[in-house]
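Let's take a walk through this structure, one piece at a time. Have the sequence and the 3D view handy as you read.

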Amino acid sequence: MQLDRNIDLFDRPLTARSVIASLLLGMRPPRLSAARLVQWCGLFDIAEGTARVALSRMVERGECTTAEGTYELVGRMRARQPAQEWSLAPATESSSGAWRMAVVDPGPRSAGERAALRDAMRRLRYAETREGLWTRPANLPRRSAPEDAWRVAEAQCTWWTAYPDESGRDLADRLFVPHDWAKRARVLGDRLAAVTRALDAGDHAALVPGFVTGAAALAHVRADPVLPPEVCPRSWPGNRLRDGYRAYQGGFAVAVRDWFRAS
């Protein structure tokens with residue numbers, strides 16, 4: 001099967017850092033030799049020097065440790081794994097119509113603090129109703145997001161539980177635009193199925209488009225607002241995309257192992 005090597009699923013090209021981090025995040029434990037990581041980057045036309053510079057900078061930033069030629073994810077980068085795994089099989093709580101609100105505390109904040117809060121709220125799956133007010137249905141456990149995101153949000157916000165007068169479904173549609181998420185999820189689900197079939201058939205040419213498609217699908221799963229059934233659109237494709245990703249994971253892991261052995 002012919003697969004597009006340069007599937008346009010990201011706003012910008014994958015960097016050496018993102019290629020390395022995405023591969024390691026899918027491994028248990030998240031470690032691999034420098035030689036293997038450089039070899040893997042070569043599949044994406046990333047030069048050896050560029051890959052090694054990326055590894056050095058990841059160590060400097062505290063994203064990796066290195067010992068005897070092996071690199072392992074640590075710190076905030078590794079802390080993504082539990083929330084990522086939760087995203088693939090979300091266990092939500094009953095919202096009973098309640099919504100959680102995060103109200104930004106009064107007082108001056110630096111541009112860096114404001115940017116950090118926006119990033120944290122995105123990872124917590126909250127939407128901004130207006131400047132300084134974030135909300136979502138109260139159906140997610142704490143483990144649905146990384147602890148560092150919670151720490152940033154809790155340092156800048158006061159938290160409330162509320163029951164909106166507006167229809168919960170209308171509010172969710174306005175804030176989270178779930179139909180847009182669903183449309184992309186269906187496209188990614190179809191592409192995942194195609195690359196999984198190719199990988200299962202032993203087609204190593206599918207490794208690059210498979211990796212790109214899998215990374216895009218996983219990023220989209222993490223962006224799922226995970227709305228409760230009472231406000232979620234019908235025929236929600238979230239579980240289909242998750243099932244497709246889990247099927248892809250197995251085929252991709254075998255294909256990568258076989259490719260390294262053959263290289």
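**A sheet, a helix and their neighbours**

Start with the open sheet of three strands, which has the order β1-β3-β2 with antiparallel pairing. Its edge strands are β1 (31–33) and β2 (64–67), each of which pairs on one side only. On average, neighbouring strands here are turned by 20° against each other, ignoring direction. Keep in mind that you're looking at a predicted model.

Zoom in on β1 and you'll see it run antiparallel to strand β3 (residues 70–73), with three bridges joining the two. Look for Leu32: its bridge partner in β3 is Tyr71. As a general point, strands of a sheet pair through backbone hydrogen bonds, either parallel or antiparallel.

Now for a helix. α2 lies across β1 and β3, and runs at about 85° to β1. Helix α2 (residues 34–42) also has a helix partner: its axis and that of helix α10 (residues 238–262) come within 12 Å and cross at roughly 105°. That angle makes α2 roughly perpendicular to α10. On the α2 side, the contact uses Arg36, Gln39 and Trp40, which meet Phe252, Val256, Trp259 and Phe260 of α10. Sorted by class, this contact of α2 with α10 has five nonpolar residues, one polar and one charged.

Finally, move along to strand β4 (residues 99–104). It pairs with strand β6 (residues 133–137) in the antiparallel sense over five bridges, and Arg100 has Arg136 as its bridge partner in β6. β4 is also joined to strand β7 (residues 157–162) by six bridges, again running antiparallel. In that pairing, Trp99 has Ala162 of β7 as its bridge partner.

Definitions and conventions:
Residues are numbered from 1 along each chain as its sequence is written. This is a predicted model: local features need pLDDT of at least 70, side-chain atom pairs count only at pLDDT 80 or more; totals for chains, interfaces and linings use all residues. Side-chain values use heavy atoms; hydrogens and water are left out. Axes are lines fitted to C-alpha atoms, for helices over the stretch in contact, and angles run from 0 to 180 degrees between N-to-C directions. Helices (H or I, at least four residues) and strands (E, at least two) are DSSP runs, numbered from the N terminus. Angles under 35 degrees count as roughly parallel, over 145 as roughly antiparallel, 65 to 115 as roughly perpendicular and the rest as oblique. Contact means heavy atoms within 4.5 Å. Ala, Val, Leu, Ile, Met, Phe, Trp, Tyr, Cys and Pro count as nonpolar, Asp, Glu, Lys and Arg as charged, and the others, Gly among them, as polar. Two strands pair if DSSP finds at least two bridges between them.
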